[in-house]
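Welcome! Take a moment to look over the structure below, and then let us walk through it together.

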Amino acid sequence: MDFYSVLLENLIIILGTSSFAVSGAFAAMQKRLDAFGVLIVAFVAAVGGGTLRDLMIGDIPVFWIKEPYYVVIIIITALLAMFFWKRLKRFKIILFLSDSLGLGFFTILGLQKGLALHLDAGICIALGLVTGCFGGISRDILLNNIPIIFRKEIYATACIVGGLAYFALYYAGLDKNLTEVLSIGVIVLIRIIAVKKHLALPRFY
Amino acid sequence: MDFYSVLLENLIIILGTSSFAVSGAFAAMQKRLDAFGVLIVAFVAAVGGGTLRDLMIGDIPVFWIKEPYYVVIIIITALLAMFFWKRLKRFKIILFLSDSLGLGFFTILGLQKGLALHLDAGICIALGLVTGCFGGISRDILLNNIPIIFRKEIYATACIVGGLAYFALYYAGLDKNLTEVLSIGVIVLIRIIAVKKHLALPRFY
Amino acid sequence: MDFYSVLLENLIIILGTSSFAVSGAFAAMQKRLDAFGVLIVAFVAAVGGGTLRDLMIGDIPVFWIKEPYYVVIIIITALLAMFFWKRLKRFKIILFLSDSLGLGFFTILGLQKGLALHLDAGICIALGLVTGCFGGISRDILLNNIPIIFRKEIYATACIVGGLAYFALYYAGLDKNLTEVLSIGVIVLIRIIAVKKHLALPRFY
């Protein structure tokens, strides 16, 4: 990869990780947890998905043990969230966009980890889903909430459709980088449309 | 194994997996989760136990990554549960029996995975217990309930007694297949008696 | 190690494991779980932290599968807690002290497992934290509580400070055994002071 794609990738990792961490920190602060609780929930929200993925495919030690800069990003983000939450809350749109970008990026990252192990397409999409969504699920379990992604606007569905798009483009013979960028785009786009139009999945019972 | 035992085993796997998945889907629908939430809770209820077992003994990638037909069974079951829940609910006895059969089968499967690694009898029984019960525990945690198996009729106890029966018969020199069938039978029988007679474990405090 | 340190170490393991198990058993009994539920919550409270640590660093099968005497200690403790809880509750100070000792010992044990794998100091401290605290977190999640260590007196902070003390003494060239004892002492001391003075971390929001 050339210099600019490496730079871009690292930028997305930082943006995605910190917006996941911010979602954890804010949720913990709303439940009046103490400073340590906020830090832990931010941490779990940010790395929970990738950790479960690594455990399940057996890629251990898990990623943030091998690449400790994730820990640094999360600690800084959690501290910023604790001290500047009033100001941060104003940037709702930026937080939403980096969360969506993080979701797209981590989903495709998880999917590619599955591909590298020659796993079935369905399993790769499931791994992408776990990577993108399990952090938020753990955050909500820790705070004694029913996971919001089971009830909110289309979230996990965006990951699944993005994963399907990846394989469609991949088998169509597209360039790997382009496939990546386009399927991340699909995920971000679905999230934006879902939130704007208040789309939700049907319920039963 | 001959053709009929393979057929029977696959039938039990399908029955057990789908009845575990149905228990997850119904519980999720009662909490008014959306379609994706129902699918995920069904998935976790069905594979949660085996996943934790595989993680703990280090048999990774976990079983459903290596044998993706589990995922197919669960998706089909969850869809059926969502569209035909009214009709399905009428077959309470069939659902209960396949759940008990699943419990028995998965418990002994977990126990045998431990045996194959030459682990202690107590640990093998614990692995059987995890395989049989952790799916239901995760389902309840995801839905913000205290796990029902901690409070309902004898459930986990059935797994433990079944596991003890397995070792008793095993050391008595019984044929492996017969040992398997009999100890699964013990578990199913205890479940039937417990539910019929409303048996429960004592509580304290 | 000489005979007395081995004896002391085993004593601390037994004390720490059983006081963690007692905390789980009591919490489960307060929520009116049945005998099996009490046993499982005691088990999870006692081994949850070390299990997650072993999974994340890839030291599998996890420790209590390889060293089944932990299971024996926990079963005995849970039975004692169920039958003698009235009498046990009177020994609050002894329970608190062995819990603190367990916290200190398990934290440093987790940290040293990281060191043996040549992991970064920050990651080692995180592993110590997970070992010491995740059992209590899982106990509270199973019982549908928000983890108490996110809201109570300084608890996790004690682990972090103890971990930092370990590295400070370690790099200062102190003898390994002394480093160990002193940093466990730091953790126990912080816990005692925090509970006596009702110290707590600041909250936000």
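Axes here are lines fitted to C-alpha atoms, for helices over the stretch in contact, and the angles between them run from 0 to 180 degrees between N-to-C directions. Keep in mind as you read that this is a predicted model.

**Helices that pack together**

Two packed helices are described by the angle between their axes and the distance between the axes. Helix α1 (residues 3-30) of chain B packs against helix α4 (residues 69-89) of chain B at an angle of about 55 degrees, and their axes are 8 Å apart. α1(B) and α4(B) are therefore oblique to each other. The crossing of α1(B) past α4(B) is right-handed. On the side of α1(B), the contact includes B:Ile13, B:Ile14, B:Ala21, B:Phe26 and B:Met29, and among its partners in α4(B) are B:Tyr70, B:Ile73, B:Met82 and B:Trp85. Sorted by class, the contact of α1(B) with α4(B) has 14 nonpolar, four polar and one charged residues.

Now turn to chain A. Are helix α7 and helix α8 of chain A roughly parallel or roughly antiparallel to each other? Helix α7 (residues 156-171) of chain A and helix α8 (residues 176-196) of chain A pack at about 155 degrees, with 8 Å between their axes. Angles over 145 degrees count as roughly antiparallel, and α7(A) and α8(A) are therefore roughly antiparallel to each other. α7(A) passes α8(A) in a right-handed crossing. From α7(A), the residues of this contact include A:Ala158, A:Val161, A:Tyr166 and A:Leu169, while from α8(A) they include A:Lys176, A:Glu180, A:Val186, A:Ile187 and A:Arg191. The contact of α7(A) with α8(A) has eleven nonpolar, three polar and three charged residues.

The axes of helix α5 (residues 92-116) of chain C and helix α7 (residues 156-171) of chain C come within 10 Å and cross at roughly 55 degrees. That angle makes α5(C) oblique to α7(C). In this pair, α5(C) passes α7(C) in a right-handed crossing. C:Leu103, C:Thr107, C:Ile108, C:Leu111, C:Gln112 and C:Leu115 are the residues of α5(C) that meet α7(C), and their partners there are C:Cys159, C:Gly162, C:Gly163, C:Tyr166, C:Phe167 and C:Tyr170. The contact of α5(C) with α7(C) divides into eight nonpolar, four polar and no charged residues.

**Where the chains meet**

The size of an interface is often given as the accessible area lost when the parts come together.

| Chains | Buried area | Share on carbon and sulfur atoms |
|---|---|---|
| Chain A and chain B | about 2600 Å² | 73% |
| Chain A and chain C | about 2600 Å² | 73% |

How many residues does the contact of chain A with chain B take from each of them? It takes 28 residues from chain A and 28 residues from chain B. The contact of chain A with chain C takes 28 residues from chain A and 28 residues from chain C.

**Salt bridges**

Side chains of opposite charge can pair when their charged atoms come close. Over all chains, the whole structure has 15 salt bridges. One salt bridge joins A:Lys113 and A:Asp54, whose closest N and O atoms are 2.8 Å apart. This pair links distant parts of the chain, with A:Lys113 in helix α5 (residues 92-116) of chain A and A:Asp54 in helix α2 of chain A, 59 residues apart.

Most residues other than glycine have a negative phi, and most peptide bonds are trans. With that in mind, look at A:Arg32, which has a positive phi near 60 degrees. A:Arg32 sits in the loop between α1 (3-30) and α2 (35-57) of chain A.

Next, find the bond between B:Ile60 and B:Pro61: this peptide bond is cis, with omega about 0 degrees. B:Pro61 belongs to the loop between α2 (35-57) and α3 (63-66) of chain B. In chain C, a cis peptide bond runs from C:Ile60 to C:Pro61, with omega near -5 degrees. You will find C:Pro61 in the loop between α2 (35-57) and α3 (63-66) of chain C.

Conventions: Residues are numbered from 1 along each chain as its sequence is written. Chains are lettered from A and ligands numbered from 1 in the order in which they are written. This is a predicted model: local features need pLDDT of at least 70, side-chain atom pairs count only at pLDDT 80 or more; totals for chains, interfaces and linings use all residues. Side-chain values use heavy atoms; hydrogens and water are left out. Helices (H or I, at least four residues) and strands (E, at least two) are DSSP runs, numbered from the N terminus. Angles under 35 degrees count as roughly parallel, over 145 as roughly antiparallel, 65 to 115 as roughly perpendicular and the rest as oblique. A crossing is left-handed if the near helix is turned anticlockwise from the far one by less than a right angle, and right-handed if clockwise. Contact means heavy atoms within 4.5 Å. Ala, Val, Leu, Ile, Met, Phe, Trp, Tyr, Cys and Pro count as nonpolar, Asp, Glu, Lys and Arg as charged, and the others, Gly among them, as polar. Buried area is the accessible area (1.4 Å probe) that two parts lose on being put together, summed over both. A salt bridge is a side-chain nitrogen of Lys or Arg within 4 Å of a carboxyl oxygen of Asp or Glu.
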